[in-house]
Amino acid sequence: MASGPLVGIKIIEFAGLGPGPFAGMLLSDLGAEVIEIAREGSAPPPPHRGDARGRKRICLNLKTPEAVETCLKLIERADIVFEGNRPGVMERLGLGPDVMLARNPALVYGRMTGWGQYGPLAQAAGHDINYLAITGLLHAIGPAERPVPPLNLAADYGGGAMFLVVGMLAALINARATGKGQVVDAAMTDCATYLGSLFHNFLAAGAWEDKREANLLDGGAPFYGTYECADGGFIAIGSIEPQFYQLLLDKTGAAERLPHRQMDRKHWSEMRETLREVILTKTRDEWCALMEGTDVCFAPVLTLAEAQHHPHQVERQVFIDVGGTAQVAPVPRFSATPGAVQWPPAERVWTADEILATW
């Protein structure tokens, strides 16, 4: 049985890559019934594909009138539909928002692209790194020598999937109140820029140097960054507040070697080098024994494999077994309507008639 605050919400997901399936996973984990429309003949998802869990898959050849009509019959009973194709693709298939909203005026139509539905780059190919590059945020991330892509988290998932889901659910609330649906245009360049609004605000206030490792939160501050330990492991320190910084000095025994005021930026480089030398005197586990769980604002930098076994992650059951593989558990947590994995990635392909019989 489905569980979560979205139980009863019917969603059509046109199969895609990356942030699209992630959005579908999140909506399914929150209880929605998500029907994935995949290409005819596409392979079933492997068991480790957590972002494919909890769906009923229909495989259609959308270049045929029959398949398009099947989609529209499903749309008539859906609350939300979303896709991640380049602008114009769905219109050419006969499945654009005008057609769908004509069949279901209360429908929420979600569109997620990298560059948006219009603009000089709208039809260009791209990936997270490209979308993030024009926001100014990629320039701000990494060591002084070069920008470093923050995996594909900031544009694809933070700026893409998460904003798409928020936008569609907001539009659904409006549709329930007014009876009128609408199109949600989630462009990763727009939304990642919004995600980084704090740093544009800092820049506007004259509180941000437009270069890397020169600011409070980009590794420039000696008390906010990562440090290598004696065993090659790393720790993360975020002792911004004065009392937390004082505790850092106490725990590391570095007070005498760091006499400068915490916010004296002209000495940050020297202070960072001193703290680097101090941290290198102990292993990661030794620093954990001294500082983990204190107000230093400290954590070990864990590998992906290690993260699954950290005591805090284990107690909170952040990772769960889904069909024999370790996957992330549904979040956020709800006191009255907890989310749940509806089922593992399934090989079964459903038919539209089976879905319509239950809707």
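**Close-up views: salt bridges, core and surface**

**View A. Arginine 176 and aspartate 79 form a salt bridge through their side chains, with an N to O distance of 3.3 Å.** A salt bridge is counted where a side-chain nitrogen of Lys or Arg lies within 4 Å of a carboxyl oxygen of Asp or Glu. The model is predicted: local features need pLDDT of at least 70 and side-chain atom pairs count only at pLDDT 80 or more, whereas totals for chains, interfaces and linings use all residues. Residues are numbered from 1 along each chain as its sequence is written, and side-chain values use heavy atoms, with hydrogens and water left out. Because arginine 176 lies in helix H7 and aspartate 79 in the loop between helix H2 (65-75) and S4, the pair ties together parts that are 97 residues apart in sequence. Helices (H or I, at least four residues) and strands (E, at least two) are DSSP runs numbered from the N terminus. Arginine 176 is exposed, at a relative accessible area of 56%, whereas aspartate 79 counts as buried at 16%. Here buried means under 20% relative accessible area, exposed over 50%, and partly exposed in between (1.4 Å probe, protein chains only).

**View B. Lysine 56 and glutamate 33 are joined by a side-chain salt bridge of 3.3 Å, N to O.** Lysine 56 belongs to strand S3 (residues 55-60) and glutamate 33 to strand S2 (residues 33-39); the pair links distant parts of the chain, 23 residues apart. Lysine 56 is buried, with a relative accessible area of 12%.

**View C. A salt bridge of 2.4 Å, N to O, connects the side chains of glutamate 354 and arginine 348.** Glutamate 354 is partly exposed, with a relative accessible area of 30%, and arginine 348 is partly exposed at 41%. Elsewhere, salt bridges that share partners join Glu69, Glu76 and Arg103 into one network. The structure holds 16 salt bridges.

**View D. The largest nonpolar core comprises 31 residues, and those with the most contacts inside it are Ile11, Leu27, Val108 and Met168.** Such a core is a set of buried Ala, Val, Leu, Ile, Met, Phe, Trp, Tyr and Cys residues joined through side-chain atoms within 4.5 Å. Elements that each supply at least two residues of this core include helix H1 (19-29), strand S5 (108-113) and helix H7 (153-178). H7 provides the largest share, 9 residues. Glycine 159 is also placed in helix H7 and is buried, with a relative accessible area of 0%. The C-alpha atoms of glycine 159 and serine 42 are separated by 28 Å, the two residues being 117 residues apart along the chain.

**View E. Glu228, Asp231, Asp285 and Glu286 form a negative surface patch.** Patches are made of residues with over 30% relative accessible area and no salt bridge; like charges are joined within 9 Å, and nonpolar side chains (Val, Leu, Ile, Met, Phe, Trp, Tyr) within 5 Å. Glutamate 228 is located in strand S7 (residues 224-228) and is partly exposed, with a relative accessible area of 38%.

**View F. The protein chain contains 15 helices and 11 strands.** Its C-alpha atoms fill a box of roughly 75 × 45 × 40 Å, taken along the principal axes. Of the 359 residues of the protein chain, 42% count as buried.

Note on methods:
Areas by Shrake-Rupley, 256 points an atom, 1.4 Å probe, with all protein chains shown as cover. Lys, Arg positive; Asp, Glu negative; His and termini not counted. Charge placed at Lys NZ, Arg CZ, Asp CG, Glu CD.
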